[in-house]
Amino acid sequence: MADEKKKVVAAKAAKGPKLADPIKASIDPATQELIVRAHELGVETVFDRAENLKPCSIGDQGICCKNCSMGPCRLPLPKGGIEGEDQRRGLCGATANTIAARNFIRMIAGGAAAHSDHGRSVAEVFLSVARKETEAYKIKDPQKLLAVAEALGVATTVEVDGETKARDMDEIALETAETALNEWGKAEGELLYMKRAPKPLYEKWKKHGVLPRNIDREVVEIMHRTHIGVDQDYRNLMKQGTRAALADGWGGSMLATDLQDIMFGTPSPVQAEANLGVMKEDHVNIILHGHEPILSEMIAAVAQSREMVDYAKSKGAKGIQLAGICCTANELLQRHGIPTAATFLQQELAIITGACDAMIVDIQCIMQNLANVAKCFHTKLITTHPIAKMEQNNVLHIEFDEHYALEDAKKIVKIAIDNFENRKAEVMIPRHKSAQVAGFGVESVEYHLGGSFRGSYYTLNDNIINGRIRGLAGVVGCNNARTRHNEGHIAVVKELIKNDVLVLTTGCSAIACAMEGLLTPEAAAVHAGPGLAEVCETVGIPPVLHLGSCVDNSRILLAATEVVKAGGLGNDISDVPVAGSAPEWMSEKAISIGHYFVASGVYTVFGVKLPVEGAPVFKKYIFEEFEKMFGGMWDLEPDPIKHAHKMIAHIDKKRKALGIDKARERVLLDMADRRALEM
Ligand code: BF8
């Protein structure tokens, strides 16, 4: 028998690694075509690796502890489940609940750190701008600066001889930059932005002792508490997880969004295209991948300059085509209408087109295998951030310094142009691309629904109350190679809009929706239920609103707060008919986002899997008991249709609690009615 087994293993090894089935790997035709192309060229991608490398089932359930060298301690669930007391223990005695909670909040720490360190970089550049140390970046949106200054408690007016006057903008910028940067490491107090939340929510945070003190401290404390022999109560561990997640959503991420808007412009709706078909064979294709707009803004400015376009033409190209991947794509799209090339899972495929002259990356969600793929083509892969290098020797590292931003950007763009002539493989750019309208934010939603004269969330609330819009959903997050690319996003979103739920989207979910054509006003007539379609048609918006990158999930928190403020839908975010979702999540950032949604009162459903199944008591705590504290809770549903219907059921539960579960039209009074009233 043992010999038979060996023979089977040997036969499999002789066949070589399995290749991904393109149809099973993705619902997107461009992706399918390029997976086939990769197989023809013998280039391995993440889709193939997913066939051959299976996840560890114990780690998958959250019950593997490797926080000390006595382990890793693996605590599988006994067959048939647990009867009586759970006897599972690690060497130190850690229970499955302790281990799962430790692992979970370490994921929150990773995600919060990633978003917040991004925010810190933005704050540092903003301080350089305020100190006038750099010419490359400017304050593009002074109105937003004033709004942010006020939210941070920075005075925007001064008293002169008993008169109130506007304060000097340079002074406001400097004090705002210093105050913002201080949020990462201040010694006392709590994060200033926490008071932007509805008051009842703030009071809940205070009561449960989860108000973040400063951004960095909450991440550090997670690492301390999860060290061997420190916090051994899953509830207390989650208290710190909550504090760190809130420090991300209402701290690091929100500051990143706000300061980016001040320097690069607050988004307003723009039209563009999405998918790998945006690359052009006869152009120099520069792909920008990663997250921080500090780099991509400069590359975009330089690449569109006459000097660089002429230089590209001198090399035989018709021009320069810029396109983005991951959240850099969302940042470039929402402020400049630069097209989106790809989601997270398609990054290797952009190089496999044979037309990517340079891929410029900074931080987060960048696969190390890009270097191996780039080796098979002429593509220059350029890392630019001091904290994110690659070991492979075909990767160029050009460190980007904001003090020499334009010079650095020029150097990088020239490398891409010079590389145009070196294309080796036959170019194969899929023809698929879709139109999209993106760039909705708290401000533009207000404007779109109320106009510049009466900008307000009142119209949105009114349509939720009268039932045309059943509720709101935030559908966000990644792709995950353990599930069919984009299938979850699209099925969940289509089911929601079909049921009159207005969807707000960010990150790779937004890119998936763009590729499916859901980000156009016309999509409402095709896919939305009658109520939502009517609203979309009246105000000219898509049924799915693109709110930006993953740090811009903070925009969803503020939009929900605006809904509460506009009245008629309760007095806390947890009263509003709203639900959150990440159908194809994979990153630690998604866990941090999920948890700050939950702790802000939002019922949040994740797809694929969650590392909690091996610790049922801990799972029950975050899936059920959290609701009693903050009004929001976690859920898991891999089936996208059931996933959407769980969200809809929650929205309906909230509608019922508000007494708006029966469709009602606002009664418009005619003159006779008014006269009757006056009597
Ligand atoms: O931060 S959605 S795969 S790109 S982690 Fe990454 Fe996930 Fe995409 Fe942006 Ni967000």
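This briefing covers aromatic ring pairs and charges placed over rings. The structure is a predicted model, in which local features need pLDDT of at least 70, side-chain atom pairs count only at pLDDT 80 or more, and totals for chains, interfaces and linings use all residues. Residues are numbered from 1 along each chain as its sequence is written, and side-chain values use heavy atoms, with hydrogens and water left out.

**Aromatic pairs**

- Rings of Phe, Tyr and Trp (its six-membered ring) pair if their centres lie within 6.5 Å; planes under 30 degrees apart count as stacked, over 60 as edge-to-face and the rest as tilted.
- The count by this rule is ten aromatic pairs.
- One of them joins Phe104 and Phe618 edge-to-face, at 5.8 Å centre to centre and 70 degrees between the planes.
- This pair links distant parts of the chain, 514 residues apart: Phe104 lies in helix H6 (residues 96-130) and Phe618 in helix H26 (residues 616-630). Helices (H or I, at least four residues) and strands (E, at least two) are DSSP runs, numbered from the N terminus.
- Phe606 and Trp634 are edge-to-face because their ring centres are 4.8 Å apart and their planes at 65 degrees.
- Phe606 is in strand S17 (residues 603-606) and Trp634 in strand S18 (residues 634-636), 28 residues apart.
- Phe606 and Trp634 are both buried.
- Phe104, Trp585, Phe606, Phe618 and Trp634 are linked into a cluster by ring pairs.

**Charges over rings**

- A charge sits over a ring if NZ of Lys or CZ of Arg is within 6 Å of the ring centre and within 35 degrees of the ring normal.
- Arg235 has its charged end over the ring of Tyr234, 4.8 Å from the ring centre.
- The charged end of Lys414 sits over the Tyr311 ring, 5.0 Å from its centre.

Conventions: Buried < 20%, exposed > 50% of the residue type's maximum accessible area, 1.4 Å probe, protein only.
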